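Dear colleague,

Please find the structure below, handed over for your own work.

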Amino acid sequence: MTADLARDVWLPIPPGEIDGLPDGLDYLFWDGGENGDQPFPGDPARCVVYVVPYMKRQPVKVRPLREMRSLQVVQTLTAGVDDITARLADLVPGVRLCNARGVHEASTAELALTLTLAALRGIPQFVRAQDQGRWQSAFHPALADKNVLVVGYGSIGSAIEDRLVPFEVARVARVARSWRTTARGPVHPIAELPALLPEADVVIVSTPLNDSTRGLVDADFLARMKDGALLVNVARGAVVDTEALLAELEKGRLTAALDVTDPEPLPPGHPLWTAPGVLISPHVGGPTSAFRPRAERLLADQLGRFVNREPLRNVIVTTGTESGS
């Protein structure tokens, strides 16, 4: 099967439900199925664009890759692409891997703010008291007047700051891989984290997971955070050293609000479930009512670009190049 003859596109959303898909391609629906064993919708060798099923386990996402010998584009519906980059060796050369920048910013930023407010204002304790029919008043810190550090200032980090500003925070400090300026102020390089951490009341982590960020939030990182500070993780679980975090939580020196954990899903009986001062949500930063319309717009635009041979959006890596080999 040559790439010139192949024109199948595998979509995890039924094609008839996506407005604006361009002509000239054959659209097939495949989302892996509930148990990950859904039969392939066609010959994987004919697939030129593979849109990765959303909210499925990594083995499901990568199952067809080895057989997709005509593949030209892998489009994820997630901001993070670590599930796919771990299997780049399965892809033929020249495949462009694209992420879903623009799809999850609103939902993930909303959850980052929700977790921050809920943890600071003691919402979990109020819910537990409500379950027991107890009127339990308490004094809790406000987000207002706090110094917030956003670690991972990409599109999601920027969206988080958009939502922090109306809450009258004292300061938002921004950290990314390298220094740059924005309309709101400087973005500090990651090398400056040791000096910034002691000043932060709230540290929100929104980095991608890669070799440079795996275990970034380690014992040294946590030790530099001020007493009573809150760590919020809406990135990937493996960005945080779980054992180091547990040690700080058990001492009562820090609190945490985590949408992602390592391991994930968090198994029954894991000490994070019962650690003091931790709020856990089950990796729900992306799946909201905001996801579907944004995902559909991205796919229609991206596939239109593919058909018209225009530059694709959000290309993270191309296989066979020095960075994607």
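In what follows, two residues are in contact when they have heavy atoms within 4.5 Å. Please note that the model is predicted.

By that criterion, and leaving aside neighbours within four places in sequence, L231 is in contact with V203, V205, V217, F221, L222, M225, V240, L245, T255, A256 and A257. L231 is also one of the residues that touch the most other members of the largest nonpolar core, together with L149, V203, F221, L222 and M225. This core has 33 residues. At least two residues each are supplied by β6, β7, α6 (193–196), β10, α7 (219–224), α8 (242–251) and β12; the most, four residues, come from α8. Another core lies apart from it and has 26 residues, including A112, Y153, V232 and A257.

Helix α5 spans residues 155–164, and its buried residues are I156, G157, A159, I160, E161 and L164. Among the elements that cover them are α3, β6 (147–151), β7 (171–176) and β10 (202–205).

Two or more lining residues come from each of α3 (105–121), α4 (123–131), β12 (255–258), α9 (271–274) and β13 (278–280). Of these, α4 gives the largest share, three residues. By class, 13 residues of the lining are nonpolar, eight are polar and six are charged.

With kind regards

Definitions and conventions. Residues are numbered from 1 along each chain as its sequence is written. This is a predicted model: local features need pLDDT of at least 70, side-chain atom pairs count only at pLDDT 80 or more; totals for chains, interfaces and linings use all residues. Side-chain values use heavy atoms; hydrogens and water are left out. Ala, Val, Leu, Ile, Met, Phe, Trp, Tyr, Cys and Pro count as nonpolar, Asp, Glu, Lys and Arg as charged, and the others, Gly among them, as polar. Buried means under 20% relative accessible area, exposed over 50%, partly exposed in between (1.4 Å probe, protein chains only). A nonpolar core is a set of buried Ala, Val, Leu, Ile, Met, Phe, Trp, Tyr and Cys residues joined through side-chain atoms within 4.5 Å.
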